[in-house]
Amino acid sequence: MTVQAQEIVRAHLAGTGEQPELTEDQRSLYRQRIKQRLQERDAVLVAHYYTDPEIQALAEETGGCVADSLEMARFGRDHPASTLIVEGVRFMGETAKILSPEKRVFMPTLEATCSLDIGCPEDDFAAFCDQHPDRTVVVYANTSAAVKARADWVVTSSIAVELIEHLDQRGEKILWAPDKHLGSYVRDKTGADVLCWDGACIVHEEFKAQGLLDLKAAHPGAAVLVHPESPASVVEIADVVGSTSQLIKAATEMDNDTFIVATDKGIFYKMQQLAPNKTFVEAPTGGSGAQCRSCAHCPWMAMNGLENTLAVLEDDNGCGQEIFVDPTLAEQAMKPLDRMLDFGARLKK
């Protein structure tokens with residue numbers, strides 16, 4: 001990540017703050033009131049796997065969904081509710097709005113962002129693309145609507161390898177953004193000509209190979225599950241490398257009874273729910289005997305709480321936390337998103 005991007009991330013991290021600790025009685029009251037207001041507002045909760053377990057459980061209990069960023073947007077588009085409450089980070093709210101322009105989309109706080117998103121500013125990225133006009137521009141879903149609008153393709157980690165393989169077979173050279181670790185992983189898997197933007201996720205970049213090897217030695221029967229946003233030295237140790245959905249599937253289908261998981265620990269809620277008799281262990285980060293920025297949990301995802309969710313639902317204007325995307329920009333961003341959706345649908349056939 002560039003020095004400028006690191007400074008921007010640090011500034012955003014400084015503003016995240018801590019969610020207030022609630023008593024059990026308070027949490028119960030908030031949950032009850034949120035359920036009531038969702039019905040009254042014709043609203044539905046869509047939550048990411050990395051949000052806190054209490055938020056994920058509430059989304060499921062109220063007929064919403066817990067999913068990856070693209071499936072969240074798809075669910076919101078297909079659900080009859082006129083209002084979407086997106087529990088995640090800002091680019092997820094934008095993607096939901098692009099796919100559902102006729103719906104109102106709110107977030108508990110618009111301050112919840114992503115180091116990949118803010119580390120890839122629109123103007124700098126456009127200049128980077130202009131320097132390499134011969135390359136097909138492929139951007140990860142973890143980007144702003146403006147960056148998506150500049151791309152030829154949007155991609156998720158679940159189909160990244162297949163898409164780059166497809167483009168490489170057509171003789172295309174790739175400009176990839178923003179995650180350099182995922183870009184490098186895709187390049188190594190496909191052998192394609194991939195030029196990477198210098199970005200990284202503050203959660204996945206902190207996983208440590210040596211610590212992972214030590215933990216694996218302590219759990220000799222454990223399988224290692226790694227998200228490809230992690231450094232190459234961590235990916236090399238993995239038994240399975242994949243997207244959030246792919247890692248959850250591996251945890252439920254593999255015979256191992258213990259898993260060491262190198263992604264945001266919010267995913268443990270769904271893994272434990274689907275495989276209750278298995279043990280899930282956090283992969284080590286800079287937090288093991290040192291300081292870390294995330295300690296395996298995204299600080300911006302942690303900003304989604306019961307209190308600010310209810311506040312948004314209580315106020316007709318959502319406390320100013322509504323997502324808006326310029327219609328022209330949304331139309332431009334929808335083109336690479338549509339290409340990805342069509343490609344993904346073909347893969348499933």
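Guide: Welcome! Helices here are DSSP runs of H or I with at least four residues, strands are runs of E with at least two, and both are numbered from the N terminus. With that rule, cysteine 319 falls in the loop between α15 and α16 (327-348). This is a predicted model, so local features need pLDDT of at least 70 and side-chain atom pairs count only at pLDDT 80 or more, while totals for chains, interfaces and linings use all residues. Residues are numbered from 1 along each chain as its sequence is written, and side-chain values use heavy atoms, with hydrogens and water left out.

Visitor: Why is cysteine 319 called partly exposed?

Guide: Its relative accessible area is 40%. Buried means under 20%, exposed means over 50%, and partly exposed is in between (1.4 Å probe, protein chains only). The value of 40% lies between those cut-offs, so cysteine 319 is partly exposed.

Visitor: What is the phi of cysteine 319?

Guide: Phi is near 55 degrees, a positive value in a residue other than glycine. Alanine 296 is a further case, with phi near 65 degrees. Alanine 296 lies in the loop between β12 and α15.

Visitor: Is alanine 296 buried or exposed, and how do you know?

Guide: The relative accessible area of alanine 296 is 1%. That is under the buried cut-off, so alanine 296 is buried.

Visitor: Which residues does UniProt list together with Cys114 under "binding site"?

Guide: The unreviewed entry covers Cys114, Cys201 and Cys298. UniProt positions are given in the numbering used here, feature names are shortened, and annotations may be inferred rather than shown by experiment.

Visitor: How do you know that they cluster in space?

Guide: They are spread over 185 residues of sequence, yet the largest C-alpha distance is 9.1 Å. Cys114, Cys201 and Cys298 also belong to the lining of the largest cavity. A cavity is a set of points on a 1 Å grid over the protein atoms alone where a 1.4 Å probe fits but cannot get out, and lining residues have an atom within 4 Å of a point.

Visitor: What makes cysteine 114 and cysteine 298 count as buried?

Guide: Cysteine 114 has a relative accessible area of 11%, and cysteine 298 has 10% relative accessibility. Each value is under the cut-off, so cysteine 114 and cysteine 298 are buried.

Visitor: Where are cysteine 114 and cysteine 298 found?

Guide: Cysteine 114 is in the loop between β4 (104-106) and α6 (115-118). Cysteine 298 is in the loop between β12 (279-282) and α15 (306-314).

Visitor: Which other residues does UniProt list for "binding site"?

Guide: The unreviewed entry lists His48, Ser69, Tyr140, Ala141, Asn142, Ser157, His227, Pro228, Glu229 and Thr244. From this set, the lining of the largest cavity takes in residues including His48, Ser69 and Thr244.

Visitor: Why are serine 69 and proline 228 called buried?

Guide: Serine 69, in helix α4 (residues 69-78), has a relative accessible area of 13%. Proline 228, in the loop between β9 (223-226) and α12 (232-235), has 2%. Both values are under the cut-off, so serine 69 and proline 228 are buried.

Visitor: What is the angle between α2 and α3 where they pack?

Guide: Helix α2 (residues 24-40) and helix α3 (residues 53-61) pack at about 35 degrees, with their axes 11 Å apart. Axes are lines fitted to C-alpha atoms, for helices over the stretch in contact, and angles run from 0 to 180 degrees between N-to-C directions.

Visitor: Which residues meet there?

Guide: Arg27, Arg31, Ile34 and Lys35 in α2 meet Glu54, Leu58 and Glu61 in α3. They divide into two nonpolar, no polar and five charged. Ile and Leu count as nonpolar, while Arg, Lys and Glu count as charged, so Ile34 and Leu58 make up the nonpolar part.

Conventions:
Contact means heavy atoms within 4.5 Å. On a 1 Å grid over the protein atoms alone, a cavity is a set of points where a 1.4 Å probe fits but cannot get out, and a pocket is an open set with protein on both sides within 12 Å along at least five of seven lines; lining residues have an atom within 4 Å of a point.
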